[in-house]
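Please keep the sequence and the coordinates in view while reading.

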Amino acid sequence: LAKLVPESRLFGRVVFRKEIEDMKYLFLELHNAQFPDVSFGKTITHEDGRFLLRANPGKYLLTVSRVNTQTEKVLLGSINIKIGREGVFQSTLIIR
């Protein structure tokens, strides 16, 4: 199992240019341009927008969504990110 779970960690904080009432439980998902329908990592944010997830090194599109019902996911924004071999990304991601 240890070989299947990536060691590289991506952590930071999501901030929106527009005011979002509740930053808690936003849904973050990593996608690769070659496989846009495949998720390479998922997590939810804490109350202050902070998050942690694991992913292999590479270039990704990080999408931020809110789940309104059990089946409806509303996209709030996205940002292109690059995870290096060291894997640690510690920054504030500003979503337009």
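Accessible areas come from the Shrake-Rupley method with a 1.4 Å probe, and for residues only the protein chains shown count as cover. By that method the protein chain exposes about 6900 Å², of which carbon and sulfur atoms supply 50%. This is a predicted model, in which local features need pLDDT of at least 70 and side-chain atom pairs count only at pLDDT 80 or more, while totals for chains, interfaces and linings use all residues. Residues are numbered from 1 along each chain as its sequence is written, and side-chain values use heavy atoms, with hydrogens and water left out.

Secondary structure is taken from DSSP runs numbered from the N terminus, with helices (H or I) of at least four residues and strands (E) of at least two. The protein chain has 0 helices and 7 strands, so that, with these definitions, its elements read β-β-β-β-β-β-β from the N terminus on. Of its 96 residues, 34% are buried, where buried means under 20% relative accessible area, exposed over 50%, and partly exposed in between (1.4 Å probe, protein chains only). Among the contacts (heavy atoms within 4.5 Å) with a separation of 6 or more, 55% are accounted for by residues 24 or more positions apart.

Two strands are said to pair if DSSP finds at least two bridges between them. Strand E5 (residues 58-67) pairs with E2 in the antiparallel sense over 5 bridges, and within this pairing Phe27 stands opposite Ser65 in E5. E5 also pairs with E6, again in the antiparallel sense, over 10 bridges; here Tyr60 has Ile81 in E6 as its bridge partner.

The structure holds 2 salt bridges, each defined as a side-chain nitrogen of Lys or Arg within 4 Å of a carboxyl oxygen of Asp or Glu. One of them joins Glu29 and Lys73, whose closest N and O atoms are 3.1 Å apart. This pair links distant parts of the chain, since Glu29 lies in strand E2 (residues 27-32) and Lys73 in strand E6 (residues 73-83), 44 residues apart. Glu29 counts as buried at 8% relative accessibility, whereas Lys73 is partly exposed, with a relative accessible area of 44%. In the salt bridge between Asp48 and Arg50, the N to O distance is 3.1 Å. Asp48 is partly exposed at a relative accessible area of 33%, and Arg50 counts as partly exposed at 45%.
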